[in-house]
Amino acid sequence: MSSAEAAGGGNGGAGDGISAYVTQRRGDGRDLRYPEVPQPLEVALYDNHAHLEILDGDEPLSLDEHLERAAAAGVIGVVNAGGDIESSRWCAEAAERHPRVLAAVAIHPNDAPLYEQAGKLDEALSVIDELAARPRVRAIGETGLDFFRTDEAGQPAQFRSFEAHIAMAKKHGIAMQIHDRDAHRAVLDTLSRVGAPERTVFHCYSGDEAMARECADAGYYLSFAGNITFKNAQNLRDSLKVTPLERILVETDAPFLTPVPYRGRPNASYLVPITVRFMATELDMDENELAAQIAENTLRVYGDFE
């Protein structure tokens, strides 16, 4: 999710002393109560993609509060992802202060045309490159292509930005988290043409079974979010079933994509167990066995948290 899409204006007071950059998601008449903390699984889990800098809900949580609830649910690590200069800096600083947080930094594909129009895309990419050198920045992301929110006029900037981010991930030897919305073929073709980083993750995977098979053949990781629980997401459930277990990751994309039965309410990393349990049922396997495999995959992609 683009920070420009989510933000309702700058808002300090995250309560954790990390950064003045915090955004407030606009209310839309939803039930804005945070759900209860679910029963933890027996195996510790990780949220491999979240935006915990975005305040949400009737009673927004600070980063410390997010991490406390996550720990209570057995979620012991979070990869927080940026989408512009400010949020990427926030993520990098949060990771430096919190041993349970790692950072991903990038210019979101929907923000790239905005930077380009302002004549500042190269400058922004340079900042991301500098941030990527920090030891607790373990991924470039989220980057990629989005043909849903960006029209043809803005797409050249998206491609230029995407290819620059791919080069950064390779340069720094870190993973890459891809945002792909209505651009499946273009994303796959770009990765094939320029060469994908060794650890490439499709954040909030949105393709179909055929694409999942193609990603598996290429060695990419597929990260499934709470929307796999949605009634209209059969494509995601079909994709999960053909993805090799060693290539499956899980995420929240918090505060977005809250899993059923809490769809529409604020999302948070502590809700990961709900999605993992649903995925285990779909795969007809023990939930703790799946959790252990996903945890192993997460550490293989991003390295240790502490």
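Visitor: How many helices and strands are there in the chain?
Guide: Helices (H or I, at least four residues) and strands (E, at least two) are DSSP runs, numbered from the N terminus. Here the chain has 11 helices and 11 strands. Keep in mind that this is a predicted model: local features need pLDDT of at least 70, side-chain atom pairs count only at pLDDT 80 or more, and totals for chains, interfaces and linings use all residues. Residues are numbered from 1 along each chain as its sequence is written, and side-chain values use heavy atoms, with hydrogens and water left out.

Visitor: What does the radius of gyration say about the chain?
Guide: The radius is taken over C-alpha atoms, and the globule rule is 2.2 Å times the number of residues to the power 0.38. For 306 residues a compact globule would come out near 19 Å, and the chain's 18 Å agrees with that. Its C-alpha atoms fill a box of roughly 50 × 45 × 40 Å along the principal axes.

Visitor: What share of the residues is buried?
Guide: Buried means under 20% relative accessible area, exposed over 50%, partly exposed in between (1.4 Å probe, protein chains only). By that cut-off, 58% of the 306 residues are buried.

Visitor: Which residues of helix α7 are buried?
Guide: In α7 (residues 184–194) they are Ala186, Val187, Leu188, Thr190 and Leu191. These buried residues pack against β7 (137–146), α6 (155–172), β8 (175–181), β9 (200–202) and α8 (209–218), where a contact means heavy atoms within 4.5 Å. Just after α7, Gly195 has a positive phi of about 90°.

Visitor: How many aromatic pairs are there?
Guide: A pair of aromatic rings is described by the distance of the centres and the angle of the planes. Rings of Phe, Tyr and Trp (its six-membered ring) pair if their centres lie within 6.5 Å; planes under 30 degrees apart count as stacked, over 60 as edge-to-face and the rest as tilted. The count by this rule is four. In one of them, Tyr46 and Phe305 have ring centres 4.9 Å apart and planes at 25°, so the pair is stacked. That pair links distant parts of the chain, with Tyr46 in strand β3 (residues 45–50) and Phe305 in the segment after α11 (287–302), 259 residues apart.

Visitor: Are Tyr46 and Phe305 buried or exposed?
Guide: Both Tyr46 and Phe305 are buried. Tyr205 and Phe224 form an edge-to-face pair, at 5.9 Å centre to centre and 65° between the planes. Tyr205 and Phe224 are both buried as well.
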